Amino acid sequence: MTHNGLKQKVTRLRQAYAPHEHRPLGGYLAAMGTYAGVTGAIAGLVRLTGRPVPERPATSDVVLLSVATHKLSRLLSKDAVTSPLRAPFTRYDRPIGSGEVMEQVRDSGSSTRHAIGELLSCPFCLAVWVATGLTGGLVLAPRLTRLVATALTAVAASDFLQMGYAVAQQAAEGGGHEED
């Protein structure tokens with residue numbers, strides 16, 4: 001098949017997939033390829049270093065990495081302070097509370113830029129990458145990974161305590177006002 005023939009086939013496929021909306025399929029393919037490459041590199045490092053891979057991760061590690069993944073994913077994708085990392089791929093929309101911001105994906109005609117913008121502004125999407133990195137870290141550098149994951153877990157717990165405190169404070173202040 002010629003280059004033009006392949007290009008036409010891809011164009012028809014894209015049009016058939018989403019006839020009324022631009023979906024950055026090429027960018028998604030690039031993101032998946034990058035993810036596969038990163039995962040392969042981690043697996044290669046594990047093999048090269050001869051690090052043992054646990055047959056079954058400890059429940060405590062799964063819980064620790066789960067909370068740390070949640071926090072790091074939100075920190076990277078929504079925190080106002082990390083917005084410079086997302087700025088090339090997103091556009092600020094509005095604050096959404098608790099130091100977080102809502103951003104819109106920049107669509108400059110680049111399917112890769114669009115896909116990266118979606119990835120970086122979506123904590124659910126980013127969680128796969130974060131969990132993979134932390135899991136690889138657990139095998140390659142377990143002590144350091146547990147330390148970092150513990151700090152992230154402490155921040156996540158603090159976030160929930162801060163929110164609970166704010167709710168309790170509002171309830172106490174609202175409950176103290178009597179209506180005539």
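1. Helices (H or I, at least four residues) and strands (E, at least two) are taken here as DSSP runs, numbered from the N terminus. On that basis the protein has 7 helices and 2 strands, and along the sequence these follow the pattern α-α-α-α-β-β-α-α-α.

2. The model is a predicted one, in which local features need pLDDT of at least 70 and side-chain atom pairs count only at pLDDT 80 or more, while totals for chains, interfaces and linings use all residues. Residues are numbered from 1 along each chain as its sequence is written, and side-chain values use heavy atoms, with hydrogens and water left out.

3. On overall dimensions, the radius of gyration of the protein is 22 Å, whereas a compact globule of 180 residues would have a value near 16 Å. The radius is taken over C-alpha atoms, and the globule rule is 2.2 Å times the number of residues to the power 0.38. The C-alpha trace spans about 80 × 55 × 25 Å along its principal axes.

4. On burial, a residue is called buried under 20% relative accessible area, exposed over 50% and partly exposed in between (1.4 Å probe, protein chains only). Buried residues account for 23% of the 180 residues. The protein exposes about 12200 Å², of which carbon and sulfur atoms supply 64%; these areas come from the Shrake-Rupley method with a 1.4 Å probe.

5. Contact means heavy atoms within 4.5 Å. Among the contacts with a separation of 6 or more, 58% join residues 24 or more positions apart.

6. Helix 5 (residues 111-120) has H114, A115, G117 and L119 as its buried residues. These buried residues pack against helix 2 (25-49), strand 1 (90-97), strand 2 (100-105) and helix 6 (123-140).

7. Rings of Phe, Tyr and Trp (its six-membered ring) pair if their centres lie within 6.5 Å; planes under 30 degrees apart count as stacked, over 60 as edge-to-face and the rest as tilted. By this rule the count comes to 1 aromatic pair. Y35 and W129 form this edge-to-face pair, with 5.2 Å centre to centre and 70° between the planes. Because Y35 lies in helix 2 and W129 in helix 6, the pair ties together parts that are 94 residues apart in sequence. Y35 is partly exposed, with a relative accessible area of 25%, and for W129, also partly exposed, the value is 25%.

8. D61 is placed in helix 3 (residues 59-78). With a relative accessibility of 9%, D61 counts as buried. Apart from neighbours within four places in sequence, D61 is in contact with L138 and R146.

9. Two loop residues deserve a remark. S98 lies in the loop between strand 1 and strand 2 and has a positive phi of about 55°, although S98 is not a glycine. S98 is exposed, at a relative accessible area of 65%. A141 is found in the loop between helix 6 and helix 7 (142-175) and is partly exposed, with a relative accessible area of 30%. The C-alpha atoms of A141 and S60 are separated by 17 Å, the two residues being 81 residues apart along the chain.

10. On charge, Lys and Arg count as positive and Asp and Glu as negative, with His and the chain ends not counted. The place of a charge is taken as NZ of Lys, CZ of Arg, CG of Asp or CD of Glu. The protein has 18 positive and 14 negative charges, and their mean positions are 20 Å apart.
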